[in-house]
Amino acid sequence: MNRAERRRQEKLIKKQKEGRAEEAADQKAIDWFQKALICQQNSQLEEAIQLYRKALSANHNFMEAYNNLGNLLRNIGKPEEAKLIFEKALKIDPENSTIKSNLATVLQLQGHVDKAIHLLKEVIGNDPNHTDALNNLGLLYYSKSRFEEAKAVSYTHLRAHETRHDLVCRLLLE
């Protein structure tokens, strides 16, 4: 085996080892995430927060961990920390509709209703049937006395989740 072949083989072995290390880190992240879920279900919220953070330290791209951590922080009255978590997640995945929708909820809690509306409109622009975004946008329009816009968004929300039975009833009533 010549020197060039040896280097190629060494690089291949190194990549395989790195791949295994990445797999192991991903598995650790999943394990911590699952433990965090259990802690959260058992109202061990501070422990859940720490476990979500560990999951994120093992896998910086773990969107479900960002989402759960941000929601948990929001729900225990730490909206500024939640906002930072959601913003960090959006730097990694700027098109993540769930993260954007949850950030909009935090912004609304902080009194930034116009920013929340803008973000929710962006979510709906990318995903016209996003349930939470449609519902929250309708509520925000209503809170700002923008009743026609609230009505239009609420109608879109209802239509997005219309069952066959609902459709038949609606058509009979029209």
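Buried means under 20% relative accessible area, exposed means over 50%, and partly exposed is whatever falls in between (1.4 Å probe, protein chains only). You'll want those words at several stops on this tour. What you have open is a predicted model, in which local features need pLDDT of at least 70, side-chain atom pairs count only at pLDDT 80 or more, and totals for chains, interfaces and linings use all residues. Residues are numbered from 1 along each chain as its sequence is written, and side-chain values use heavy atoms, with hydrogens and water left out.

**Stop one: Ser43**

Select Ser43 and you land in the loop between α1 (3-41) and α2 (45-58); helices here are DSSP runs (H or I, at least four residues), numbered from the N terminus. Because its relative accessibility is 61%, Ser43 counts as exposed. Check the backbone too: phi of Ser43 is near 60°, a positive value in a residue other than glycine.

**Stop two: Ser145**

Now jump to Ser145, in the loop between α7 (131-143) and α8 (147-160). Phi of Ser145 is near 60°, again a positive value in a residue that is not glycine. Is Ser145 exposed or partly exposed? Its relative accessibility is 48%, so Ser145 counts as partly exposed.

**Stop three: Lys100**

Next, pick Lys100 in helix α5 (residues 97-109). With a relative accessible area of 4%, Lys100 is buried. Which residues does Lys100 touch, not counting those up to four places away in sequence? Show Leu90, Pro94, Glu95, Leu119, Glu122, Val123 and Asn126; contact means heavy atoms within 4.5 Å. Then zoom in on Pro94: its backbone oxygen lies 3.2 Å from a polar atom of the Lys100 side chain.

**Stop four: α5 against α6**

To see the contact, colour Ser97, Lys100, Ser101, Leu103, Ala104, Leu107 and Gln108 on α5, and Val113, Lys115, Ala116, Leu119, Leu120, Glu122, Val123 and Asn126 on α6. This set divides into eight nonpolar, four polar and three charged residues. For that sorting, Ala, Val, Leu, Ile, Met, Phe, Trp, Tyr, Cys and Pro are nonpolar, Asp, Glu, Lys and Arg are charged, and the others, Gly among them, are polar.

**Stop five: α5 against α7**

Where do they meet? Highlight Ser101, Thr105 and Gln108 in α5, facing Asp132, Ala133, Asn136 and Leu140 in α7. The residues of this contact are two nonpolar, four polar and one charged.

**Last stop: Ile124**

Finish with Ile124, back in helix α6. Ile124 counts as buried because its relative accessibility is 16%. Leaving aside neighbours within four places in sequence, Ile124 is in contact with Ala133, Leu134 and Leu137. Now draw a line from Ile124 to Val153: they are 29 residues apart in sequence and 10.0 Å apart in space, C-alpha to C-alpha.

How values were computed
Helices (H or I, at least four residues) and strands (E, at least two) are DSSP runs, numbered from the N terminus. A polar contact is a pair of N or O atoms within 3.5 Å; within protein, one must be able to donate a hydrogen and the other to accept it, and residues adjacent in sequence count only if both atoms are side-chain atoms.
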